[in-house]
Amino acid sequence: MDKEHWQKLSLVEQLGNIGAEISRARHWEEKGDVESRAKAIERALDLLSLTIADKRWRLRLKEPARLYEILCDVFAGKNTYNVRLQMLENYLSPFAFAARRDK
Amino acid sequence: MAIQIVREKIALGAVKKMAQETFGDMVKAVVDVEREVMAVGGELHADAEAVLLSDDSRQQNLWGINIYPEKPQAERIEFSALINIRPSQGNRSAQIQDVKLREQIRRVVSKLVGA
């Protein structure tokens, strides 16, 4: 994803798109495809990094930064926060809805 | 949509309208269980939390929830928010784990939102 393009999206659009990668990761997890799951999470982390680097959100980073930490925890298989991909999908899917609401 | 601090009871219809303006079926809220007020609306729980902190709330008393105004009252509140992960207070999950705390939050929301 091109940084310039990404940083033209609203926060809701950015998080909605990240949610799409999490949905993919969960899909591959259900299929038992470990590699595809990992790649989807990596893409989500890359996009979330772009969100965190987006200067427009510099005063609103607490939650995206926490999401990044949780996703890294899920990726590493540590389960420190007792958060599964389903929960992350539930957290992010409303953003996808909100992003498309006025389209 | 602007984040609103609710100090007195508001109509359920008002919450439905807020939900329609953002996530459709749900509105995010942060409840101050000590002051018995809540901040409603916004895209992130952390945004509503920041509003209450500016209003002199203390972080240890703030908990994030999602309100589904179209659901029956018993199912209306979901106790999940990233800001709830607070190991120092014994909550190691996005879900609020303490049953008594959930009840406290339910009471505050019942006080502030019409049936």
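Tutor: A crossing is left-handed if the near helix is turned anticlockwise from the far one by less than a right angle, and right-handed if clockwise. This is a predicted model, where local features need pLDDT of at least 70 and side-chain atom pairs count only at pLDDT 80 or more, while totals for chains, interfaces and linings use all residues. Residues are numbered from 1 along each chain as its sequence is written.

Student: Which crossing do α4(A) and α5(A) make?

Tutor: α4(A) passes α5(A) in a left-handed crossing.

Student: Why is α4(A) called roughly antiparallel to α5(A)?

Tutor: Helix α4 (residues 62–76) and helix α5 (residues 85–100) of chain A pack at about 155°, axes 11 Å apart. Angles under 35 degrees count as roughly parallel, over 145 as roughly antiparallel, 65 to 115 as roughly perpendicular and the rest as oblique. So α4(A) is roughly antiparallel to α5(A).

Student: What makes up their contact, by class?

Tutor: Contact means heavy atoms within 4.5 Å. On the α4(A) side, Glu63(A), Leu67(A), Ile70(A), Leu71(A) and Val74(A) meet Leu85(A), Leu88(A), Tyr91(A) and Leu92(A) of α5(A). By class, that gives eight nonpolar, no polar and one charged residues.

Student: Over in chain B, how do you know that β2(B) pairs with β3(B)?

Tutor: Two strands pair if DSSP finds at least two bridges between them. Strand β2 (residues 27–32) of chain B has four to β3(B), running antiparallel, so the two pair.

Definitions and conventions: Chains lettered and ligands numbered in written order. Heavy atoms only, no water. Axes fitted to C-alpha atoms, helices over the stretch in contact; angles between N-to-C directions. Nonpolar A, V, L, I, M, F, W, Y, C, P; charged D, E, K, R; others polar.
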